[in-house]
Amino acid sequence: RLQQMEHWGNGPPLADLDLAPGMNRHSLTLPAEVTIVVFVRGADGPLAGASVSLLPLDDESTAAEASFRAIRFPRTRGNTAADGTAAIEGLRTGRYLLQVSPSDGWPTQQEVVIDRDQQRFEVDVAGLTLAGRIEPPRKGVTVTLREHGPGSGGGLVTGIGPSGSAHHFGAQTARARTDDEGRFEFDYLVPGDYELHAHGAG
């Protein structure tokens, strides 16, 4: 029977094997790995502490389908340094979903094509800020902000970032907790329609 051997489920098969009864042996050569550099720019310049992740895309998959596949296939991750850069190693050339999550803001996603070693990508996450207050004031209330609109349905969480941000199949969401005066804030938002929910703390 015909078996296809892939490396991390990304890209064309490494080999097509026609297996016969009994012991089968075959040598496989893994593709060369490359390193990329991602520069993240915030409202005030280079942004430190942002989480950078890459998920491989095959020839047919969309960004939403790739997020669903994150349950089965690991993302390659890194965090930006003081100069706003993160070096991600051990990648193959091909299409990827690049996600940048500021430590206190909304994830930004884009498709990228990696075709050489030491390739550089720049991501701007400067955006809108939403600030509010719970009445009557209450500390520790969890406030959830979620995308609302075409293509944002679904509720399967595939990953939660250090800031409490998460990615859903077809939607993204972020969470914040209120302070002593019931205030909350979400940063680095893009224009669009959102749903706002609050629960917890008494």
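Strands here are DSSP runs of E with at least two residues, numbered from the N terminus, as helices (H or I, at least four residues) are. Two strands pair if DSSP finds at least two bridges between them. The model is predicted: local features need pLDDT of at least 70, side-chain atom pairs count only at pLDDT 80 or more, and totals for chains, interfaces and linings use all residues. Residues are numbered from 1 along each chain as its sequence is written, and side-chain values use heavy atoms, without hydrogens and water.

Start with strand β11 (residues 128-133). β11 runs antiparallel to β16, and five bridges join the two. Within this pairing, Gly-132 stands opposite Phe-184 in β16.

Strand β16 spans residues 183-189 and is mostly covered, with five of its seven residues buried. Buried means under 20% relative accessible area, exposed over 50%, and partly exposed in between (1.4 Å probe, protein chains only). Phe-184 and Phe-186 are both buried.

Now the rings. Rings of Phe, Tyr and Trp (its six-membered ring) pair if their centres lie within 6.5 Å; planes under 30 degrees apart count as stacked, over 60 as edge-to-face and the rest as tilted. This rule gives one aromatic pair. Phe-184 and Phe-186 have ring centres 6.0 Å apart and planes at 65°, so the pair is edge-to-face.

Turn to strand β7 (residues 85-91), where Thr-85 sits. Thr-85 has a relative accessible area of 18%, so Thr-85 is buried. Leaving aside neighbours within four places in sequence, Thr-85 is in contact (heavy atoms within 4.5 Å) with residues including Val-37, Phe-39 and Arg-120.
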